Amino acid sequence: MALWATSSSQKLFLASSAATRYGNGRRMSGRNGRRDSGSVLHVGMAEMETASIAYEEGDRKRPNWADDTPLSRLVEALISFKPLYSLLKLGARQVFISTAEKKSIPWRQMANEILESDVYKELDTIRNPSLQYPDYYLNPFHAYDEGNLSWLAAAEAEVATMSMTLRAIPYAPTLEKGTQEMRGNWLRAIKQHHMMHSGNAKIETVLDIGCSVGVSTGFLADEFPSAKVTGLDLSPYFLSVAQYKEKKRPPRKNPITWIHAAGENTGLPSKSFDLVSFGYVFHECPERAIIDLVNEAFRLLKPGGTLAITDQAPKSKIIQELPPAIFTLMKSTEPFLNEYYLTDLEGRLREAGFVNVNSMLTDPRHMTMTATVPHQHD
């Protein structure tokens, strides 16, 4: 499987497996997969077929609604007006739920199954009572007043991820096919980068920072079954759901470890991981936190280790062309979205000491950025 860019940098082409299965000449990729009892799709690297697909970049480095433009200032002014902000936040939540259920994703049913379960028993085994939360983390996120520090946010996190998948891959005939494409391309980008730049080192230790309820962690554990995989998050509620759902699936050869800690200051040993991954984390962080997270990842990685970041793609043509109503709703639930889009992420990685920095669109809306810790560093 190969990934390469055109000389004009307007498109990214990927060799992958699902275009022939989807048919109709659509641009897509994917892999065979299965569902576990927790409704999270897991995919393998085997049984690949080859077909070319392409994702388009826009004409700008970032959306104009993120720059300091009259349009951006207007949106910020609207959001700062609290009565209107409350309406926008409520409207955004209703849009999330109704859009998911129209696409046959049982949002409320799946959330209620978690809320009515024994998940609460996991909290005491997960929570670090001495943890000091960063100030930015106490902001409302995703239309939850408590942000990520609530059972409702935790109960809805996986189904929200499913909905995000179908927004990113709207042409997918099923959620399963969409997940195959989005997660498959992400994992291929990681494996190819590590193969090219690690000096043939195996991925034996993996840290998933900002793991939420463990969706991305599960994919990483399935992709690297011989590795010791750790999921780390600031929300003990998310981690409780992750641990609860993991207990419902067949035991792994190497069980996942869950840690309640800050990604900027994990307390884990230096040079102890072959792969550090951030999945859809940075767009929820101010730039100062992004810098701290990148520096901590550099400290944690072994020489030759790989950093992988997947998140919203500033260069995505679809993201750049979002209608005003949609990006206004996005901004109303993502307090640091502008800072994310204005951050020179590749530059920040290089400043931290990373080399071989590469960024590619791995679905129409999201990019995966990979980088390497130099083989010789202090």
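User: What makes the numbers for the axes of α4 and α6, and at roughly what angle do they cross?

Analyst: In this predicted model, the axes of α4 and α6 come within 9 Å and cross at roughly 140 degrees, where axes are lines fitted to C-alpha atoms, for helices over the stretch in contact, and angles run from 0 to 180 degrees between N-to-C directions. Helices here are DSSP runs (H or I, at least four residues) and strands likewise (E, at least two), numbered from the N terminus. The crossing of α4 and α6 is right-handed, a crossing being right-handed if the near helix is turned clockwise from the far one by less than a right angle, and left-handed if anticlockwise.

User: Which residues of α4 and α6 meet?

Analyst: With contact taken as heavy atoms within 4.5 Å, W107, M110, A111, I114 and L115 in α4 meet residues of α6 that include W151, L152, A155 and V159. By class, this contact of α4 with α6 has eleven nonpolar, one polar and two charged residues, where Ala, Val, Leu, Ile, Met, Phe, Trp, Tyr, Cys and Pro count as nonpolar, Asp, Glu, Lys and Arg as charged, and the others, Gly among them, as polar.

User: Why are α6 and α9 called oblique to each other?

Analyst: Their axes come within 8 Å and cross at roughly 45 degrees. Angles under 35 degrees count as roughly parallel, over 145 as roughly antiparallel, 65 to 115 as roughly perpendicular and the rest as oblique, and α6 and α9 are therefore oblique. The crossing of α6 and α9 is right-handed. W151, A153, A154 and E158 in α6 meet Y237, F238, S240, V241 and K245 in α9.

User: How do you know that α9 is largely enclosed by the rest of the structure?

Analyst: Eleven of the twelve residues of α9 are buried, so α9 is largely enclosed, buried meaning under 20% relative accessible area, exposed over 50% and partly exposed in between (1.4 Å probe, protein chains only). What covers these buried residues includes α4, α5, α6, β7 and β8.

User: What span is expected for α9?

Analyst: The expected span is 1.5 Å times one less than the number of residues; α9, with twelve residues (236-247), reaches 16 Å from its first C-alpha to its last, close to the 16 Å expected.

User: What are the conventions behind these values?

Analyst: Residues are numbered from 1 along each chain as its sequence is written, and side-chain values use heavy atoms, with hydrogens and water left out. Because the model is predicted, local features need pLDDT of at least 70 and side-chain atom pairs count only at pLDDT 80 or more, whereas totals for chains, interfaces and linings use all residues.
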